[in-house]
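Hello,

Here is the structure for your files. My notes on its aromatic rings follow below it.

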Amino acid sequence: MRYLMQRHSMAMRTHFAHSLVLSYALPAEVLQPLVPPGLELDTYRRGEQGVEYGFVAAALVDTRALRPAFLPARLGRDFLLTGYRVFTRFRTPGGRTMRGLRILRSDTDTRLMRLGGNLFTRYNYRLAHISSRVTDGTLEFRVDSEDGHADLEVRADLSGAPAPLPPHSPFADARAARRFAGPLPYTFEHEPRTRSVIVVKAFRTQWDPQPVRVDVRRLTFFDHGPLAGTHPVLANAFHVAGVDYGWQRGVRRAENGGER
């Protein structure tokens, strides 16, 4: 049955040529309806009287040699991927708390990835025209989605020293912002049929995301769907390059975090 196949049954490997993640802050009550049973919204509050924020990450990734873990890199494929994720937490009965991301939407530049991604995951892949280039210390991504609901055009400055926080960021300092840099160690997907949470653990090498200045010229994700009419604030922007990355097979847990 299809829902059984969508449990991330294969470990995967890839190399991130570039990963650019933009995290947007919204009041926690706005994002709470997007969090399924078993998960909690991962939040940040600046000061005792401050607004409690949740966060949505817009991730743009230039992947190289993406393939099942049992295949050599030469048999992998290169893809440009974008995704929108909400920062969440998942607690176990023993008191452990996992921090991770729940996928809202994903886009890819190839039909192969859309087919395979939707067959083996619940990442909601859609086809888009995606381009990426690096020129004179500037990284550019452009995404033109089929439905117009996930268009994105951004330019990141990679030439200078680590950038300060964006204007109006709710974070008190760079250390707080780094906790929401993404990707996080886990990705969570809810399986309504069995009232389970599928936990996918990632691993990476040389992980040192750097804050960067970005110029976001177009972003339509917040103009449609459940977040239409909201007013997200760019909270941070981080970039990494030249990182080996992978995902383990998904593990099914009960909504209360217990093993199954």
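Over the ring of which residue does the charged end of R99 sit? The ring is that of F180, with the charged end of R99 5.1 Å from its centre. The term applies if NZ of Lys or CZ of Arg is within 6 Å of the ring centre and within 35 degrees of the ring normal. F180 also belongs to one aromatic cluster with Y44, F55, F87 and F171.

The model is predicted: local features need pLDDT of at least 70 and side-chain atom pairs count only at pLDDT 80 or more, while totals for chains, interfaces and linings use all residues. Residues are numbered from 1 along each chain as its sequence is written, and side-chain values use heavy atoms, leaving out hydrogens and water.

There are 15 aromatic pairs in the structure (rings of Phe, Tyr and Trp, the last by its six-membered ring, with centres within 6.5 Å; planes under 30 degrees apart are stacked, over 60 edge-to-face, the rest tilted). Y24 and F222 have ring centres 5.4 Å apart and planes at 55°, so this pair is tilted. The pair links distant parts of the chain, 198 residues apart: Y24 is in strand β1 (residues 12–27), and F222 is in the loop between β13 (213–219) and β14 (233–247). Strands are DSSP runs of E, at least two residues, numbered from the N terminus.

Y24 is buried at 7% relative accessibility, and F222 is buried at 4% (buried means under 20% relative accessible area, with a 1.4 Å probe and protein chains only).

Another tilted pair is Y123 and Y125, 6.3 Å centre to centre with 50° between the planes. Y123 counts as buried at 10% relative accessibility, as does Y125 at 11%.

Regards

Technical notes. Helix = DSSP H or I, 4+ residues; strand = E, 2+ residues; numbered from the N terminus. Buried < 20%, exposed > 50% of the residue type's maximum accessible area, 1.4 Å probe, protein only.
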